[in-house]
Amino acid sequence: RTMLEEAIDSAMKCYSLPTTHWTLGGFSQGAMLSVETALMGQLSPPTRLILWSGALLAEKRWLSHSERLKGTAVFQSHGVDDDVLPIQTGRWLGQFLQQVAGSYHMLEFKGPHTITMPAIQAACDYE
């Protein structure tokens, strides 16, 4: 998480990007790292969080910092045939996020542990 935060902070400074309006996202372990960073990080919480095929990892710890996501719009997608992170793990993450995020949308799709073009398009369209 620290290395990711340093990279984000460096990019924001290098390109004069706003530190209060930004998007964070990832796939699989990157999705879980994105949630961890949004909740536990030193940067201001992202405005948008995009999660492809993630899972709920540290519910108690994350819940204790959940107020950070009040203003965050969360988009999540997960394949119902995922044999790496079964769909139920994504659903548990989704149930958590529905309770704490500013807004939330889940797209389940027929497929394995992947990112589909419809999921990319839906993530782009979600606000």
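Start with Cys 14, which counts as exposed at 55% relative accessibility (exposed is over 50% relative accessible area, buried under 20%, partly exposed in between, with a 1.4 Å probe and protein chains only). Now pick Cys 124: exposed too, with a relative accessible area of 53%. The structure holds 0 disulfides (pairs of cysteine sulfur atoms within 2.5 Å).

A word on the model: it is predicted, so local features need pLDDT of at least 70 and side-chain atom pairs pLDDT 80 or more, while totals for chains, interfaces and linings use all residues. Residues are numbered from 1 along each chain as its sequence is written, and side-chain values use heavy atoms, leaving out hydrogens and water.

Next, select Val 35, Leu 39, Leu 49, Leu 51, Trp 62 and Leu 97: they touch the most other members of the largest nonpolar core, which has 21 residues (a core is a set of buried Ala, Val, Leu, Ile, Met, Phe, Trp, Tyr and Cys residues joined through side-chain atoms within 4.5 Å). Colour helix 1 (2-14), helix 2 (29-40), strand 2 (48-52) and helix 4 (87-100), as each supplies at least two residues of this core (helices are DSSP runs of H or I, at least four residues; strands are E, at least two; both numbered from the N terminus). Helix 2 gives the largest share, 5 residues.

Where to now? Ile 50, Trp 52, Phe 75 and Ala 119 are among the 7 residues of a second, separate core.

Finish at Met 117, in helix 5 (residues 117-125), exposed with a relative accessible area of 60%.
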